[in-house]
Amino acid sequence: MWPALQGRLLIARNPGASKVFCRSYCQAAKRDTIFALSSGQGKCGVAVIRTSGPASSMALAHLTRAEVPPPRVATLRRICDPRSAETLDRGLVLWFPGPGSFTGEDSAEFHVHGGPAVVSGVLKALGCLPLLRLAEPGEFTKRAFQNGKLDLTAAEGLGDLIHAETESQRRQALRQMEGDLGRLYQRWSDTLTKALAHLEAYIDFSEDDNIEEGVLAQVEEAVEALEKELREHMQDSRRGERLRDGVRVVIAGPTNAGKSSLLNHLCQKPAAIVSPIAGTTRDVVEAALNIGGFPVVLSDTAGLRDTSDVVEMEGVNRARQRVEGADLVLAILDAAEMAQKPNQLVPALLDILDYPKGTQPYFLVLNKMDLLGDEERADLLANCADSDLAPTCFLSCKTGEGIATFLSTLGKQLAHMCGDPLTGSPSPTQARHQLSLAKCLEALGGFGHYRSVDLALAAEELRQARRLLGRLTGQVGSEEILELIFKDFCIGK
């Protein structure tokens, strides 16, 4: 590296350093001390109440009426009301001096019995102490981020881990919380920092013949490689977002095909009304399910048909909208009807998918197989094979025949759509990730445009791309972004 660039590179690595959140432990002394119940609400065996801030040691000493225990050593103490000295409970207390704590500040934990009266008494006791206040939602994690204990993507991973309901969600959230996604974005940011420093050196010193040959070509090569890697990262078919928010699976088909019956089978409860009367379902019925370890948002929709009923017409429109926005469509048809009219099988399927506009992945589900004889079944199977349709599942919601096979096939499709969160490159999990990455790609494209026109403008495009990557990890950001992220945490997290 050229000596003249050392100061420039230091600034490039920390753009707007005076405006970026302060991450030094010394500033923590100016903050309030916060407290909250960190474990779940309701009756439980053990409840954990946490404090964070400069007055944590004082709070611990006042409530236990004893000296602060050794750091990170669970100690049994009598916990008392500091005003009346009344014993509230006997429990374990722990002391975490900063910066060796989750938040990077002095912290204390009270592990007490989880009865509502005990928890309420300890919280009131903390609330009566000076310099302490109840924490806001996500404030503990926000302080950990501001003190440099974790970056923004890791904080998001922690939030996802708290809300994870399936094994795949847990795996992805844990991987993100441990920093895999943040390290990937940081590596890209470092690549841009180096490219920008070399480009500015070429701009400033190329006329003095102090620059090695091929510097500009190296910059172009590095940016092109990064652009390719970034595109591949974004072209993961929304796997990360699907794992986080759930795969949108829509049951669609004509009236009386068995859509609501299939929903009830998958939910294992009567989530939707089932009736022989056509058009019973008028609105979208949603259910969140765990199928094969993958999160699914399953929607039952109104039967697709022409109607003059204003309410049913609105239901059909909503059904069409759900099909259009689905990750996977379960196109369900009446097997008995298709056996009698085999030439209507493909047109009926195309009508459900709104072909040619609809291009979503789909399963063809033929229900009411219990109404068919062996010969009719064989003919229908042959018709499906000859039509070269997507995976076709044959079942009977009435008898349960074929449901297990259908669930196995659906699970394999979900695994294909979501992938294994523990293998390969980590995936973007938030809409803001996709937005910032898309804008970063635009800036890299701008570099490619300006590099043969004006190198100064090309350098500015690289700065913009680096700022956008910095927003992902929180190196560069705004208070509004932080508020949107941390407000989804529970109080005490």
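Helices (H or I, at least four residues) and strands (E, at least two) are DSSP runs, numbered from the N terminus. What you're looking at is a predicted model, where local features need pLDDT of at least 70, side-chain atom pairs count only at pLDDT 80 or more, and totals for chains, interfaces and linings use all residues. Residues are numbered from 1 along each chain as its sequence is written, and side-chain values use heavy atoms, with hydrogens and water left out.

**The whole chain**
- The protein chain contains 18 helices and twelve strands.
- Out of its 493 residues, 47% count as buried (under 20% relative accessible area; exposed is over 50%, and partly exposed is in between, with a 1.4 Å probe and protein chains only).
- Take contacts (heavy atoms within 4.5 Å) between residues at least 6 apart in sequence: 70% of them join residues at least 24 apart.

- As a rule, most residues other than glycine have a negative phi, and most peptide bonds are trans.
- Glycine 98 and proline 99 are joined by a cis peptide bond, with omega about 0°. Proline 99 sits in the loop between strand E4 (87-96) and strand E5 (107-114).
- Arginine 72 isn't a glycine, yet its phi is positive, near 60°. You'll find arginine 72 in the loop between helix H2 (56-64) and strand E3 (75-80), and it is partly exposed, at 48% relative accessible area.
- Asparagine 256 also has a positive phi, near 60°. Look for asparagine 256 in the loop between strand E7 (247-252) and helix H10 (259-267); with a relative accessible area of 33%, it is partly exposed.
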